[in-house]
Amino acid sequence: MSLFAAAGAVFRREIRLFARRKSDWANPLMFFLIVCSLFPFAVGSEAERLRTIGIGVIFVGALLAAMLALPRLFDEDARDGSLELLLTSPEPLAGLILARVAALALALASALACVAPLFALFYALPAEVALTLAWAVLVAVPTLLLIGAIAAALLVSARGGAILTAVLVLPLAIPTLVFGAGAAQRVLYGESPLAELALQAAFLLLALALCPLAASAALKISTE
Amino acid sequence: MKLHVQSLAAERSSRGVFAGLDFTAEAGTLLRITGANGAGKTTLLRVLAGLGAPADGQFTWSHDTALLTPAQAACFVGHSNAFNDALTVRENLDYVAALADQPRTDAVAALEALGVRALLNRRFGALSQGQKKRCSLARLLLRPSSAAAPQRRRAWLLDEPFVALDVDSQAVLAGLMTQELAAGGMVIYTSHQAVPIAAANAAEVAL
Amino acid sequence: MARTEQQSTERYGGRWFWRYASPAAFFPLAGRIERLCWAVAAVLGVLGLYLGLFRAPVDAQQGEVYRVIFIHVPAAWMAMIIYLAMAFWSLLGLWLGTRLSFMMSRALAPTGALMTLIALWTGAFWGRPTWGTYWVWDAKLTSFLILFFLYVGYIALAEAFDDVRKGDRASALIALVGAINVPIIYFAAVWWNSLHQGPSVVKQGGPSIAPIMLWAMLTMTFAFWAWCIAAAMHRVRSVIIERERNAVWMKPVVRGQAERERT
């Protein structure tokens, strides 16, 4: 029971911090909006061309925005010392990290998933593609954050952490990218996206099972 | 509560700082760790708190015959305050208590003992250095508000607790340490300031 | 560290391999393995290239270009095997806390990255005349590109820490995470490829593979094995010298090296 109490406290604290400092989730969101707006300038504004690249642009943009939020997981706590509270808690560290990632995922994934369909319309994609895309982003961003938690934990005190985190995490996020964007692509072709969405959900479950454990090992390595 | 340290060695950045350390501390002991800068005082406290692995040797925390993990046995207060600037003092203390498995604690009483009760609902980032330090030390005093669940006392591991405190606050903290020792607690601390602390059973470990 | 090694020795009853878990004992052995493997690699490499480039018949469809597979295929195999070996040593290191395991893991990484690069490079040279393009987004090629990123990430992470021990353990963890992900990434790449209807790889071999080609391939494979082992041993010796330079047993080694350089 006390693990739930402790994890609940971690979760509530993070949500409270997001409510108080809106820049923590608003800045990645702004980044996402701007990245998505850049592409038409680069490739031209014909509807047909935008429709071809739209899904990919929005999906990659969402993953990059989530990457930017990763240092938020542990860096501030390492600076003010409250990371020591997590590490010296009698409760399993993996559970506490999971609560923390869950809070970030709730704030960020829902925000990104809300905005993604809007951009799907900007990219001349039909409404049902937009909805599938929103759903796929909602699953992909937590997966990326879970994998990213490992790298963020390893690089808490290392130099050049932010860029190295991207180098380590983005290759590992390829499966969820393939299936998430693939699902939306299926809908665009008028097929059923269920197989891709199911596989994407399977990756999220796998990440849920393994990543908190790896991240807790990583945090112990980097703070020792 | 008992701490047993046997031929302990520790490293900082792959460099040995001390080795072959042996000592024992019982409940009611005030133990001061002394040594030059870089001798490994902070490293030792962190190892005892479970924040780092020893390079060699071992240490055990125990209560009667039961072995305890460092997380169960000790409460570590380091150089940093471990409070978040955007949260209020109370929110910070509640978080500390929940992580330490002590929900339903009396944050008000803890702050009162340190003379900073008025800061309960202030944002931590808006406080002065001295106020911050005092609020942060209140986490040592978090206890269940009711006597329903008797909690084991945890040993205090204090790394330079008197830094950033004015003379009055130093006296208050010294008084709290004396009370804790009298109540059967254990205090292990480092300090380069000579603050007198009344203790029946005081010892020193030189690194 | 010393404690864990000693404990492990007690736990496993000091078998022969524990003797070589100590860098001091392993250092001269690594030197002997290195010299042997350099020799094997040189002999087999020359023989394999001779068989492959001069003796094997010209391919009916692809002409002379196909001969690049005698480099390409062994390099691709080594790229995968070395990642597995790296993950194995990483696991051993995290599990038992043996210093040498981490050193092996770090010594293997650059060779693995090089093999991946050779496989990609020769693949591109083969693809230009065969497929008409240097690069296609085929599942195998893409997976290799990602494998290369994983190697680069591992090396970058290992170098990101000032504290050697932290770098060792951190990169070991990421090697394991990568090893779990490699099959998933490959699976995703295959699926992705079928979804987007990319060009499929021309099936190699078929029924009429000449025995001499097979021999050339086998010889080259063993040559690559020997070369990789020799390179890894050379690098692990360098790592040992760097990390143990202040150890007592290292003094005569370093002095001997200096004397040899003087004469």
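Let's start inside chain B, where B:Leu30 stands opposite B:Val187 in strand 8 of chain B. Helices (H or I, at least four residues) and strands (E, at least two) are DSSP runs, numbered from the N terminus. What you're looking at is a predicted model, in which local features need pLDDT of at least 70 and side-chain atom pairs count only at pLDDT 80 or more, while totals for chains, interfaces and linings use all residues. Residues are numbered from 1 along each chain as its sequence is written, chains are lettered from A and ligands numbered from 1 in the order in which they are written, and side-chain values use heavy atoms, with hydrogens and water left out.

Back to strand 8 of chain B, which covers residues 187–190. Strand 3 (residues 29–34) of chain B pairs with strand 8 in the parallel sense, over four bridges; two strands count as paired if DSSP finds at least two bridges between them. Strand 7 (residues 155–159) of chain B also pairs with strand 8 in the parallel sense over four bridges, and here B:Leu157 stands opposite B:Ile188. Is strand 8 of chain B covered or open on its faces? Both faces are covered: B:Val187 and B:Tyr189 on one side, and B:Ile188 and B:Thr190 on the other, are all buried. Buried means under 20% relative accessible area, exposed over 50%, and partly exposed in between (1.4 Å probe, protein chains only).

Now hop over to where chain A meets chain C. The contact (heavy atoms within 4.5 Å) takes 30 residues from chain A and 30 residues from chain C. About 2500 Å² is buried between the two chains, with carbon and sulfur atoms giving 77% of that. Buried area here is the accessible area (1.4 Å probe) that two parts lose on being put together, summed over both. A:Arg159, A:Leu172 and A:Ile221 supply 23% of the area that chain A buries against chain C, more than any other three residues.

Charged side chains show up here too. Side chains of opposite charge can pair when their charged atoms come close. A salt bridge is a side-chain nitrogen of Lys or Arg within 4 Å of a carboxyl oxygen of Asp or Glu, and the rule finds two of them across the interface of chain A and chain C. In one of these, C:Arg169 meets A:Glu224 at 3.8 Å, N to O. Which elements give two or more residues to the side of chain A that touches chain C? They are helix 7 (127–154), helix 8 (161–172), helix 9 (174–188) and helix 10 (194–223) of chain A. Helix 10 gives the largest share, eleven residues.

Salt bridges also turn up within single chains. Over all chains the count comes to 26. Take A:Asp24 and A:Arg72, whose side chains meet at 2.6 Å, N to O. A:Asp24 lies in helix 2 (residues 23–43) and A:Arg72 in the loop between helix 3 (47–69) and helix 4 (75–80) of chain A, so the pair ties together parts that are 48 residues apart in sequence. Both A:Asp24 and A:Arg72 are buried.

Another salt bridge joins A:Glu48 and A:Arg51 (3.1 Å, N to O). Both lie in helix 3 of chain A, three residues apart, about one turn of the helix. A:Glu48 is exposed at 53% relative accessible area, whereas A:Arg51 is partly exposed at 27%.
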